[in-house]
Amino acid sequence: RDLTINSMFLGLDGTVYDYFDGQGDLSEKRVRFVGDPVQRIQEDYLRILRYFRFYGRIASSMDCHEEETLQAIRDNANGLKMISGERIWSEWRKILVGNFGVQLTLMMIELGLSEYIGLPESPDIDEMKRVWTHCKEKNIQLQPQTLLATLLRNEEEVMTLHSRLKLSGVERDTALFIVQHRNLTPHPIPIRSYQFLMVDSKAKPSDTRLFISELLKYRGELDLLKEFEAWNPPKFPITGHHLKQNGCPQGKIMSVVLTKLKEKWKDSGFTESEEKLASLIPSVLDSLSTEELQMAQQPKKKKKRDKSFER
């Protein structure tokens with residue numbers, strides 16, 4: 001066994017067999033390896049993360065670590081490169097949702113784990129602390145992948161982390177969404193920015209709702225979160241059929257016209273009627289610039305299939 005608190009046994013007669021003082025460690029809310037921590041870790045390097053996970057479950061404060069244990073973790077961090085990303089994420093996810101999840105993650109970084117668990121060389125520690133502080137003040141619970149996004153500065157870092165940990169599609173896309181939109185330009189009507197993200201999204205509506213809810217919590221916008229959750233997104237009323245009926249040529253130009261009509265619909269607060277929008281199609285066509293017409297006539301480029309997005 002790895003930890004003393006996991007090394008107790010209960011006999012059929014009710015006798016507790018405790019050869020490593022696991023009961024004493026439980027009563028003291030202490031997490032220790034059985035015997036030599038270096039030996040235990042080298043038997044399975046995932047035990048480094050298991051240590052932090054059980055610390056979050058058992059310990060009552062962040063300053064109960066034994067220096068011998070921390071030194072053993074620091075000296076053996078590179079062993080994690082041999083552990084699969086799925087196993088690492090399975091443990092790390094539980095750490096993040098447990099007690100001291102953010103503090104334990106920051107300690108993992110301090111002990112040199114970053115490069116072996118998919119994080120960049122210099123994770124954005126200040127952003128994680130900033131988000132964690134306002135979440136604590138407002139009693140906000142972020143999903144694990146949203147907390148991970150606080151440490152990442154751009155989409156490339158998200159994809160590098162995903163490549164290492166093999167996140168699920170929704171987890172990966174949540175982190176990407178947070179990184180892309182956390183500095184969202186404000187709208188005079190605050191909820192509009194988030195409503196626009198909803199109606200413009202090409203993801204499943206349920207997934208998009210999750211992404212936006214996490215973004216609002218990330219930003220500490222609880223009033224807007226409540227308003228967003230009560231909002232029923234309207235459906236854009238114009239389709240390709242309307243364009244054909246009103247003389248729009250087929251092809252990529254239809255997408256250009258639909259986009260312009262959708263912007264008008266959004267600017268109206270989603271109130272512009274189907275009839276009104278359809279009546280605008282000829283004038284939108286007439287207003288297209290030479291550049292827009294040329295872009296619409298360019299052949300569509302085939303995109304390479306990115307297998308990293310198939311998980």
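Student: Which residues does Glu274 touch, once residues up to four places away in sequence are set aside?

Tutor: In this predicted model, Glu274 touches Pro237, Ile238 and His242 when those sequence neighbours are not counted. Glu274 itself lies in helix α16.

Student: Is Glu274 buried, exposed or partly exposed?

Tutor: Its relative accessible area is 35%, so Glu274 is partly exposed. As a matter of spatial separation, Glu274 and Glu155 are 119 residues apart in sequence and 37 Å apart in space, C-alpha to C-alpha.

Student: How should I read another glutamate, Glu214, and which residues is it in contact with?

Tutor: Begin with its location, which is helix α12. Glu214 has a relative accessible area of 1% and is therefore buried, since buried means under 20%. Leaving aside neighbours within four places in sequence, its contacts are Leu142, Gln143, Thr146, Thr174 and Ile178.

Student: Helix α12 then deserves attention. What describes the packing of two helices?

Tutor: Two packed helices are described by the angle between their axes and the distance between the axes. For helix α10 (residues 169-181) and α12, the axes come within 9 Å and cross at roughly 50°. That angle makes α10 oblique to α12. The crossing of α10 past α12 is right-handed.

Student: Which residues of α10 and α12 meet?

Tutor: From α10 come Val170, Asp173, Thr174, Phe177, Ile178 and His181; from α12 come Asp207, Leu210, Phe211, Ile212, Glu214, Leu215 and Tyr218. By class, the residues of this contact of α10 with α12 divide into 8 nonpolar, 2 polar and 3 charged. Thr174 and Ile178, already named as contacts of Glu214, are in the α10 part of this list.

Student: At what angle does α11 pack with α12?

Tutor: Helix α11 (residues 192-200) and helix α12 (residues 205-218) pack at about 155°, and their axes are 9 Å apart. An angle over 145 degrees counts as roughly antiparallel, and α11 and α12 are therefore roughly antiparallel to each other. The crossing of α11 past α12 is right-handed.

Student: Which residues form the contact of α11 with α12?

Tutor: In α11, Tyr194, Leu197 and Met198 take part, and they meet Pro205, Thr208, Arg209, Ile212, Leu215 and Leu216 in α12. The residues of this contact divide into 7 nonpolar, 1 polar and 1 charged. Ile212 and Leu215 of α12 are listed here and also in the contact with α10.

Student: How many of the residues of helix α6 are buried?

Tutor: In helix α6 (residues 101-110), 8 of the 10 residues are buried, so the helix is largely enclosed by the rest of the structure. The buried residues are Gly101, Val102, Leu104, Thr105, Leu106, Met107, Met108 and Ile109. Their cover includes α3 (47-58), α4 (67-76), α5 (85-97), α7 and α8.

Student: How does α6 pack with α7, in angle and axis distance?

Tutor: The angle is about 170° and the axes of α6 and α7 are 11 Å apart. The two helices α6 and α7 are therefore roughly antiparallel to each other. Val102, Gln103, Thr105, Leu106 and Ile109 in α6 meet Ile125, Met128, Lys129 and Trp132 in α7. This contact of α6 with α7 has 6 nonpolar, 2 polar and 1 charged residues.

Student: Where should I look for positive phi values in residues other than glycine?

Tutor: One case is Asn139, whose phi is near 55°. Asn139 is found in the loop between α7 (125-138) and α8 (144-149), and it is exposed, with a relative accessible area of 74%. Another is Phe270, with a positive phi of about 70°. Phe270 sits in the loop between α15 (252-267) and α16 (274-279), and it is buried, at a relative accessible area of 12%.

Student: Finally, how many disulfides does the model have?

Tutor: A disulfide is a covalent bond between the sulfur atoms of two cysteines. With a cut-off of 2.5 Å between the sulfur atoms, the count comes to 0 disulfides. Among the cysteines, Cys64 is partly exposed, with a relative accessible area of 27%, whereas Cys248 is buried, at 5%.

Technical notes
Residues are numbered from 1 along each chain as its sequence is written. This is a predicted model: local features need pLDDT of at least 70, side-chain atom pairs count only at pLDDT 80 or more; totals for chains, interfaces and linings use all residues. Side-chain values use heavy atoms; hydrogens and water are left out. Buried means under 20% relative accessible area, exposed over 50%, partly exposed in between (1.4 Å probe, protein chains only). Axes are lines fitted to C-alpha atoms, for helices over the stretch in contact, and angles run from 0 to 180 degrees between N-to-C directions. Helices (H or I, at least four residues) and strands (E, at least two) are DSSP runs, numbered from the N terminus. Angles under 35 degrees count as roughly parallel, over 145 as roughly antiparallel, 65 to 115 as roughly perpendicular and the rest as oblique. A crossing is left-handed if the near helix is turned anticlockwise from the far one by less than a right angle, and right-handed if clockwise. Contact means heavy atoms within 4.5 Å. Ala, Val, Leu, Ile, Met, Phe, Trp, Tyr, Cys and Pro count as nonpolar, Asp, Glu, Lys and Arg as charged, and the others, Gly among them, as polar.
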